[in-house]
Amino acid sequence: MNELVWIFVSALLINNFVLAYFLGLCPFLGVSGRLETSFRLGLATTFVLIVTALCAWFLNTYILIHAPYLRLICFIVVIASTVQFIEMAIKKLSPALFKALGIFLPLITTNCAILGLAIFATNRGYNLVEGLIFALGAGAGFTLAMVLMAGLREETELSDVPALMQGTALNLIIAGILSMAFMGFAGLFSST
Amino acid sequence: MDMDKNLDTYQEFVKGIWRDNPVFVQVLGMCPMLAVTNSAVNALVMGGATLFVLMGSSFLVAALKQWIPKQVRISLYIIIIATFVTVADYSLLAMLPGVHKELGAFIPLIVANCMILGRQEAFASRHGIRFAVMDAAGMSLGFVLALFSLGSIREILGNGSLFNIPLFGETFEPWVIMILPPGGFITLGLILLFFNWVAARKKAFLEQVAQAERESL
């Protein structure tokens, strides 16, 4: 039990996917303009991450033990097609949910956080439950980073920023300071 | 290829290095860019692997483009890229096990580098093999250059060394933050700031020239 809590908190705060591992930077820098959209994108990503953890566990346990060199190709193809299938299913079953996650789902599949999760979970030898908790923590961490970033960016829109600084340069420096703040969580577990 | 007639091999090669630099100008491929640039060696190995993957897949995509159906092209590009990345991954594991271990999950993650897929979709699938390979070479050299400049700045300031050779002697206190994640974000932010500044200077200069020309008429 303790192990699972550690995996969750580690993925959420200490080794935050965006701010410590630099995974999923494209949406982090690209889509974090509005708080509302960022939150939805975070939810959709969490959902895809959980599906990915399931797929990765299944592939690793039943298929890839016979052919480990196919891992990368398998992960990409299986994850992309599973997400497409689920997208179609959601569209049919729950239009409201589809509207909330909708356009983001197919885009997320090519996000490096997704493949990163599958590879990290494999390298660390997580079992199914650990993998799911890891995915949940990583998704929550991604959402947290997105929402914090969007909040900060909405604030910077109101302030008078020098023309040279505007755009990605400013966002990267904000992300750097945010990442520095998250480093403070590193001491969370060392004392125990 | 009709549209290749007005292309120049040299131009296609050079544009990726400076004018359309994938990192500094197009802001693509950020994830590997920041994650592995805590030392110059890691940055170079990562750049080399990306160069191999990009050139290989551009060549294959340009060669196979007649047989790739439009509807499934993206998936096919990804499979081609993933194949080259697997080759790169296993080769590095055999040749440089130490660096491979340090780069860890980020070598397989080259697959998700949007710059590579972007070049296939925007260039290799529309041009002949020669131009596709030149374009890939230029873009990857631009990427290597970006990785190397970020990696060496971070290693010099964060570790006081370059290629593991100490530069400053005993008294230098390393800025540890530079080799940690925040240093990556902030250094890249400052480099982009510099590029913005250069672009703004150039624009002002061109306007001045145009102004002078108008006055002389």
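**View 1. Secondary structure of chain B in the predicted model.** Chain B contains 8 helices and 2 strands. Read from the N terminus, the order of elements is α-α-α-α-α-α-α-β-β-α.

View 2. Counting contacts in chain B between residues at least 6 apart in sequence, 76% are made by residues at least 24 apart.

**View 3. Contact between chain B and chain A.** Chain B contributes 32 residues to the contact, and chain A contributes 32 residues. On the side of chain B that touches chain A, at least two residues come from each of α2 (30-35), α4 (73-95) and α8 (181-216). The largest contribution to this side is from α8(B), which supplies 12 residues.

**View 4. Residue types on the side of chain B that touches chain A.** This side has 26 nonpolar and 6 polar residues. No charged residues are found on the side of chain B that touches chain A.

**View 5. Confidence of the prediction.** The average pLDDT of chain B is 82. A pLDDT of at least 70 is reached by 97% of the residues in chain B. For the complex, the predictor reports an ipTM of 0.80 and a pTM of 0.82.

Definitions and conventions. Residues are numbered from 1 along each chain as its sequence is written. Chains are lettered from A and ligands numbered from 1 in the order in which they are written. This is a predicted model: local features need pLDDT of at least 70, side-chain atom pairs count only at pLDDT 80 or more; totals for chains, interfaces and linings use all residues. Helices (H or I, at least four residues) and strands (E, at least two) are DSSP runs, numbered from the N terminus. Two residues are in contact if their C-beta atoms, placed from the backbone, lie within 7 Å. Ala, Val, Leu, Ile, Met, Phe, Trp, Tyr, Cys and Pro count as nonpolar, Asp, Glu, Lys and Arg as charged, and the others, Gly among them, as polar. pLDDT is the predictor's confidence in each residue, from 0 to 100.
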